[in-house]
Amino acid sequence: MCGFTGFVSQSSAPDVQALHAMGDTIRHRGPDEEGHYVDGCCAIAHRRLSIIDLANGHQPMSSPDGRYVLAYNGEIYNFQDLRRELQAAGHTFLTNSDTEVLLHGYMQWGAGVTARLRGMFAFVIWDKERQELFGARDPFGIKPFYYAVMGDLFFFGSEAKSFLPHPGFRKELNTAALKFYLTFQYSALNESFFKGVYRLLPGHQFVHRNGVTEFSSYHAISFDPQPMPLERRAEQIREVVTESVKAHEISDVEVGAFLSGGIDSSVITALSRPDKTYSVGFANKGFDETSEARALCDELGLRNLSKTITPEEFFSALPAIQYYADEPNANLSTVPLYFLSQLAARDVKVVLSGEGADELFGGYITYQTTRPFRAYRKLPKGLRRAVAKAAGKLPAFHGQGFLTKAAKEVDEYFVGQAFIFGNDEAQRLLKPEFRSELTWHDVTAPYFDAVKDADDLTKMQYLDLHMWQPLDILRKADRMTMAHSLELRVPYLDREVWAVARAIPSAQKMRGKSTTKYPLRVAAETMLPPDWVKRPKVGFPVPFVAWLQEEQYYNWAKDLISQDYVARFFDQAYLLDLLEQHYTGKAHTHRKLYTVLSFLIWYQVYFPEACGCQPFAPPRR
């Protein structure tokens, strides 16, 4: 795992001093080694975390003839097969690294190399002869890739913060991003919170030449449900996940595993049997899964290391977390993931984790609907809407919400796994400069339109695979692990596993009122104790809801909301009222408050000059 950054300049020689400062900004991604490449137009900085072929694999890596220069972040799990294929075609290798295989793959197949790769990756290849930059990102968006055009400069890199040291980069807040962040809890637009800085979409690649950038898609997510008996389906899942875990264990350093009390990480742990597993929790009742993790390790004969996070540690870490996140992050589970990564990084450089299982196999309870709900949805839409309109005029009664929701199409109510502020409340909270006539429906509509003929579950999965997974789950996973120079590998998000998951019909994914990803649970019956197979999804529960009702943290939030610069963005009186409602127990508004507070902390970190704060000093690794 590594990080890279750089720029292409059309009119002046690259600023070498700026390039080194840019590379230093992402030192946490690769503390083992640094490398630089500079010619008349292109400048690349690379930071390496040595995992494969520790003595070699230096980057940026040049081709034998010197024409191509590669900077790469990720792991190619089928690199040994590709290496043999390339050797048969006449290529000679000097290292045992997947980096060199990727470089020679591009020399052999050009842009077609991306379709052959099994792994997680983001990379650029500079063609000195054509003065052309090629870049690509993996199909699921596991590895990050940012780019920006500022005048005649084309910036590219693993993290947006790496652009900041360059004098040609203009740091400016993207005012359009804030409203949608308030709804989704993450930066939901293609343009990031830094104006002019964009993310390369998952499964996409580009060519930049003579100041012009052309983008194309090389992989599209699609479902292809096929009938198959449940037991055979479970066997197929068992086989492909087992093989994927084996591929993801390829490493020249020790590999550990993250372990919670849920089925996803438990399956990965049971298959990989690492020497060390890692878990975190909180002392508050109902917010600690470390005992479940230890119990599973006891049954499997594995070692588990755990940590209890204190509220003082939680709040103290928030500025660093927003710094490493690059963009505002309001997923509460990001904080325990930060401490979990810190714990694991004391022993290992690589960990396996269970991200992706919910999106691939249908693991969220929001995907589940009851039999009465599905039956009612078969009634004519006009009739359902008329009933909902009439029910809405009546005093609150049991079943009113059922009638209202069942009258809507899935694209009218589903935004993903977090829905913080609705359109109207976001408009009410924001100052005019940050309001927009666009709504969250405008953001989600293109994805729903792409699967308009699919069933509701498929539509929800499709949206989550394009938004929630890459923009929230995988972004926080990459940033929090890399903050501690730790490589995270996700065996579920593998092209072979996806080939099996995409063929599962929606009707086979759910059972009863609350059993999700049913085929995966059946597959796990031979790998885990019965209790673990049945465990519901919990995630990383955080007791912020309770802490915000304690005077110390209530005052912390009140002081932050009351600062002068906050009035530029929000109606402060409205926010203080939300805080009072929560503090006095009138309503649980903690998720709304945490979303706003996270943005304010992020803004202090990245725009200290605009809010009268001292510049944030990131921890040195």
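**View 1. Strands β8 and β9 in an antiparallel pair.** In this predicted model, strand β8 (residues 146-150) and strand β9 (residues 153-157) run antiparallel and are joined by five bridges; helices (H or I, at least four residues) and strands (E, at least two) are DSSP runs, numbered from the N terminus, and two strands pair if DSSP finds at least two bridges between them. Residues are numbered from 1 along each chain as its sequence is written, local features need pLDDT of at least 70 and side-chain atom pairs count only at pLDDT 80 or more, while totals for chains, interfaces and linings use all residues, and side-chain values use heavy atoms, with hydrogens and water left out.

**View 2. The open sheet that holds β8 and β9.** Six strands form an open sheet in the order β2-β3-β1-β9-β8-β10, with antiparallel pairing. Because β2 (33-38) and β10 (197-199) stand at the edges with a single partner strand each, one side of each is left without a neighbour in the sheet. On average, neighbouring strands of this sheet are turned by 15 degrees against each other, direction ignored; axes are lines fitted to C-alpha atoms, for helices over the stretch in contact, and angles run from 0 to 180 degrees between N-to-C directions. The strands β2 and β3 form a hairpin with three residues between them, and they pair in the antiparallel sense over six bridges, where Glu34 has Arg47 in β3 as its bridge partner. Helix α1 (residues 16-25) lies across β1 (2-9), β2, β3 (42-48) and β9, running at about 155 degrees to β1, where contact means heavy atoms within 4.5 Å.

View 3. Strand β11 (residues 204-209) runs antiparallel to β12 and is joined to β12 by six bridges, with Val212 in β12 as the bridge partner of Arg209. Trp109 is found in helix α3 (residues 98-109) and touches Leu82, Glu85, Leu86 and Arg116, not counting residues up to four places away in sequence.

**View 4. The crossing of helices α4 and α16.** The axes of helix α4 (residues 177-184) and helix α16 (residues 440-450) come within 9 Å and cross at roughly 75 degrees. That angle makes α4 roughly perpendicular to α16, a term that covers 65 to 115 degrees. Phe180, Thr183 and Phe184 of α4 make the contact with Trp440, Val443 and Thr444 of α16. By class, this contact of α4 with α16 has four nonpolar, two polar and no charged residues; Ala, Val, Leu, Ile, Met, Phe, Trp, Tyr, Cys and Pro count as nonpolar, Asp, Glu, Lys and Arg as charged, and the others, Gly among them, as polar.

**View 5. The second largest pocket.** The volume of the second largest pocket is about 560 Å³; on a 1 Å grid over the protein atoms alone, a pocket is an open set of points where a 1.4 Å probe fits, with protein on both sides within 12 Å along at least five of seven lines, and lining residues have an atom within 4 Å of a point. Grid points are joined across faces, edges and corners, and a volume is the space filled by probe spheres set on the points. Of the 22 residues that line this pocket, Gln368, Thr369, Arg374, Ala507 and Met510 are the closest to its centre. At least two lining residues come from each of α11 (371-376), α17 (456-466) and α20 (506-509), and α11 gives the most, with five residues. The lining has nine nonpolar, five polar and eight charged residues.

Technical notes
Parallel < 35°, antiparallel > 145°, perpendicular 65-115°, else oblique.
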